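Welcome, and please take a look at the structure below. A short briefing follows, grouped by topic.

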Amino acid sequence: MANETNAKKNRVSIRQFFKEVSGEVKKLSWPTKKELASYVLTVIAFIILMAIIIYVLDLVFGKGLGLLANL
């Protein structure tokens, strides 16, 4: 008897969960194409900038370690 009650409660809570998720998804506001393009370009620019910084640091540390190894 207790198992049936727990199973019923679980079904109700799962149903309630998906009902609430559906309600929240309806409240979402999606970016416009212009905003999305701006966000994508910003992320790409940031990735390129970080790649350049890491490349330069790699060169500097590589040269430094090379100089230390030759001592």
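Is Glu 24 buried, partly exposed or exposed? Glu 24 is partly exposed, with a relative accessible area of 47%; buried means under 20%, exposed over 50%, and partly exposed in between, using a 1.4 Å probe and protein chains only. This is a predicted model, where local features need pLDDT of at least 70 and side-chain atom pairs count only at pLDDT 80 or more, while totals for chains, interfaces and linings use all residues. Residues are numbered from 1 along each chain as its sequence is written, and side-chain values use heavy atoms, with hydrogens and water left out.

**Overall picture**
- The protein has two helices and zero strands (DSSP runs numbered from the N terminus: H or I of at least four residues for helices, E of at least two for strands).
- Of its 71 residues, 0% count as buried.
- The protein exposes about 7,100 Å², and carbon and sulfur atoms supply 71% of that area (Shrake-Rupley method, 1.4 Å probe).

**The salt bridge**
- Side chains of opposite charge can pair when their charged atoms come close.
- The count comes to one salt bridge, meaning a side-chain nitrogen of Lys or Arg within 4 Å of a carboxyl oxygen of Asp or Glu.
- Glu 24 forms this bridge with Lys 27, and their closest N and O atoms are 3.4 Å apart.
- The two residues sit three apart in helix H1, so about one helical turn separates them.
- Lys 27 is exposed, at 63% relative accessibility.

**The aromatic pair**
- There is one aromatic pair (ring centres within 6.5 Å; planes under 30 degrees apart are stacked, over 60 edge-to-face, the rest tilted).
- The ring centres of Phe 17 and Phe 18 are 5.2 Å apart with planes at 75°, so the pair is edge-to-face.
- Phe 17 is partly exposed at 48%, whereas Phe 18 is exposed at 54%.

**The positive patch**
- Lys 8, Arg 11, Arg 15 and Lys 19 gather in a surface patch of positive charge (residues with over 30% relative accessible area and no salt bridge, like charges joined within 9 Å).
- Arg 15 belongs to helix H1, residues 2-27, and is exposed with a relative accessible area of 58%.

Definitions and conventions. Patches are made of residues with over 30% relative accessible area and no salt bridge: like charges are joined within 9 Å, nonpolar side chains (Val, Leu, Ile, Met, Phe, Trp, Tyr) within 5 Å. Lys and Arg count as positive and Asp and Glu as negative; His and the chain ends are not counted. The place of a charge is taken as NZ of Lys, CZ of Arg, CG of Asp or CD of Glu. Rings of Phe, Tyr and Trp (its six-membered ring) pair if their centres lie within 6.5 Å; planes under 30 degrees apart count as stacked, over 60 as edge-to-face and the rest as tilted.
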